[in-house]
Amino acid sequence: MRWSQTFIPTMKETPAEAEIISHKLLLRAGLVRRLTGGLYTFLPLGLRALRKVENIVREEMNRAGALEVFMPALQPPDIWARSGRLETAKEVLFHVKDRAQKEWVLGPTHEEVITTLVADEFNSYRQLPVNFYQIQTKFRDEIRPRFGLMRAKEFIMKDAYSFDADDESANASYQRMYDAYARIFKRCGLRAIPVQADTGVMGGAHSHEFMVPAETGENEVVYCESGDYAANIEKATSQGPAATTPSDDCGPAEKFETPGVKTIEDLAKSFDVAAERQIKTLIYIAEDKPVIVLLRGDDQLEEAKLGGVLGTATFRTAGDAEIVKVLGAKPGSLGAVGIEGIPVYADEVLRGGSGMVTGANDDDHHLRNVNVERDIVVSEWANLRKVQACELCIETGQPLKIRRAIEVGHVFKLGTKYSEALGATFLDENGKSLPSIMGCYGIGVTRTLQAVIEQCHDESGVIWPTSVAPYEVCITALDVEPESKVMKLANRLYDELQAKGVDVILDDRPARPGIKFKDSELAGFPLRIGIGERSLAKGSVEIKPRVGEMILCSPDEALGQALDWLEANQVG
RNA sequence: CGGAGCGUGGCGCAGUUUGGUAGCGCGCCAGUUUUGGGAACUGGAAGUCGCAGGUUCGAAUCCUGUCGCUCCGACCA
């Protein structure tokens, strides 16, 4: 491609809409333009990079034996009703109406569609296993789109769905996808770490997320430096908090006045009660009914864990008025001592706790000498606390670390939830009808593209890995007169590189050298071949990797040098 | 949904407090001089100041409403 013939609107200044570096560079390098919040147009350069990511995904999915299909984005709501997700996923579902006022939904994902297909077409264990995938636009009514392509209302996702006849086979399907994902991200030049992931309300199933470490990521990952343990914070566990829970011999619980005390910290400060000696009492409304959650004072609730215990994603913190109605006191003086008829979920860390302090359900009063198991009717003990940095790893005993990351992929063992709901059954060798065992596997393609930029850039611009670069080589011609020596050589090299199958762009714009150099660095092409009168007079052209030292060589050596460099800098 | 902020040529911004001829930088067009790291000079084009009402002799500026965008929050009692 000749630069003058394409459209690469680079920008010296950063548009106000961008906050994080990758978003800024997407705009500045002329890769995308925003239509409105959460909706972007891919420009020629951005589209080329996107296609390269897609093709890597496609090649690896094919290599893993998955079959490419293409499903409708517009879907009938009844299949969503059948799986139950018309209700449980209603927040993210876009609804549209046709001219007859019939309702449709825009697919945020495609379990219902693919399972319907398999239910119709697959009847025998002899046809299994099978794994279908597609690369398609998804629609999600995100609560708040942000960071450019990172969280958008419309985005491109690769989603795959496996169907197996038995557990062993399903595990093999899962492992094949897991391995394919590792290869995909590696080939994209991304450092993506697989971590154990929360499985939400489905519970029990096996799941990993592929995380790209980044300060701007929206997820938190707990990991052990040994590499033996890594988990999403929603799922992570540890050997427990550093401080042990008090288990003092104590007399009966006793009420005392605590005027003005509203927080754990207040109580610690004013009454010298360490946070680990306190019981934190939270009130949630789960499917319209109140529940009490107990944690130790120095712990924080991990809501994903609560969701797993409650078995529903429909829950929220109670408002002050609701709290007063349930416990008769305002936040700051809440406790579960003597409470009956309301489910109490207590964190395991509180087990055996004695000599504890908690709210008395009477404003400005607390109880001391609380023995948790003696004084509180606990409906269910559970792991509800959020792991904190420096707690010890359950695998290695080493201190855990926490860092932010971008989720680029997710592999999930689904089980039979959808196959049962949508009738995807098959006959086994005994003639018995069984639901097939499913797995689903997603990669955020557009997000992966932006994650590459987030991870690969410097102050001058993007630094594309050769595998996903829109063009691998940029020939910068500093004299664009058609008959000039410079331009003739540039044209020759351009043709030769193309003939070798290299993606090359020739900057033939009649612009000043500074602009061309800055633009090629901003756009992030891995290799620049600089041809100018000055160096050509000395018999040399410049081979300049985006990162690394410039190599001078003769015009005749340039092609070989460039090819050698590309060969040596392949990714994955 | 709650809170905060912002909407002024393509982009980045000033002007709004205190109403009185719509400005600056970048970019764009033309010309001259430049010519290896985002050139200089001269001359241009381009804006119903988000939109709709209202107040006023007069509104980018004040009032009301509305739309859009950005950020934070929607665990920690």
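**Figure 1. Who sits around Q278.** Q278 touches I264, L267, A268, V273, L295, R296, G297, M356 and V357, leaving aside residues up to four places away in sequence; touching, or contact, here means heavy atoms within 4.5 Å. Where along the chain are we? Q278 is found in the loop between helix 7 (264-271) and strand 14 (279-286). Helices (H or I, at least four residues) and strands (E, at least two) are DSSP runs, numbered from the N terminus. With a relative accessible area of 3%, Q278 is buried. That label goes to residues under 20% relative accessible area, while exposed means over 50% and partly exposed is in between (1.4 Å probe, protein chains only).

A quick note before the next views. This is a predicted model in which local features need pLDDT of at least 70 and side-chain atom pairs count only at pLDDT 80 or more, while totals for chains, interfaces and linings use all residues. Residues are numbered from 1 along each chain as its sequence is written, chains are lettered from A and ligands numbered from 1 in the order in which they are written, and side-chain values use heavy atoms, with hydrogens and water left out.

**Figure 2. Stepping back to the whole of chain A.** Chain A has 16 helices and 31 strands, and its C-alpha atoms fill a box of roughly 100 × 65 × 50 Å along the principal axes. Of its 572 residues, 50% count as buried. Take the contacts in chain A with a separation of 6 or more: residues 24 or more positions apart account for 69% of them. The chain is divided into domain 1 (17-190 + 414-453), domain 2 (254-382) and domain 3 (471-568), with bounds that come from an automatic or database domain assignment.

**Figure 3. Where domain 1 touches domain 3.** The C-alpha centres of these two domains lie 40 Å apart, and 6 residues of domain 1 are in contact with 6 residues of domain 3. About 550 Å² is buried between domain 1 and domain 3, with carbon and sulfur atoms giving 60% of that area. Buried area is the accessible area (1.4 Å probe) that two parts lose on being put together, summed over both.

Figure 4. The rule finds 2 salt bridges across the interface of domain 1 and domain 3, a salt bridge being a side-chain nitrogen of Lys or Arg within 4 Å of a carboxyl oxygen of Asp or Glu. The side chains of R48 and D503 meet in a salt bridge, at 3.3 Å from N to O. On the side of domain 1 that touches domain 3, helix 1 (21-28) and helix 2 (44-63) each supply at least two residues. Helix 2 gives the largest share, 3 residues. Sorted by class, this side has 3 nonpolar, no polar and 3 charged residues. In this sorting, Ala, Val, Leu, Ile, Met, Phe, Trp, Tyr, Cys and Pro are nonpolar, Asp, Glu, Lys and Arg are charged, and the others, Gly among them, are polar.

**Figure 5. A closer look at helix 1.** Why is helix 1 largely enclosed by the rest of the structure? Because 6 of its 8 residues are buried. Those residues are S22, H23, L25, L26, L27 and R28. They pack against strand 1 (32-36), strand 2 (39-42), helix 12 (445-455), strand 25 (457-458), strand 26 (461-462) and helix 14 (513-523). Just after helix 1, G30 takes a positive phi of about 70°.

**Figure 6. The salt bridge between K255 and D362.** A search of the whole structure finds 38 salt bridges. In this one, the closest N and O atoms of K255 and D362 are 2.8 Å apart. K255 lies in strand 13 (residues 254-257) and D362 in the loop between strand 18 (356-359) and strand 19 (365-370), so the pair ties together parts that are 107 residues apart in sequence. K255 counts as partly exposed, at 47% relative accessibility, and D362 is partly exposed too, at 28%.

**Figure 7. Some other charged partners.** R296, one of the residues that Q278 touches, meets D298 in a side-chain salt bridge at 2.9 Å from N to O. Buried or partly exposed? R296 is buried, with a relative accessible area of 0%, whereas D298 counts as partly exposed at 26%. E348 forms a salt bridge with R351, with the closest N and O atoms 3.1 Å apart. E348 is partly exposed at 34% relative accessibility, and R351 is partly exposed at 42%. Elsewhere, salt bridges that share partners join E59, E60, R63, R183 and R187 into one network.
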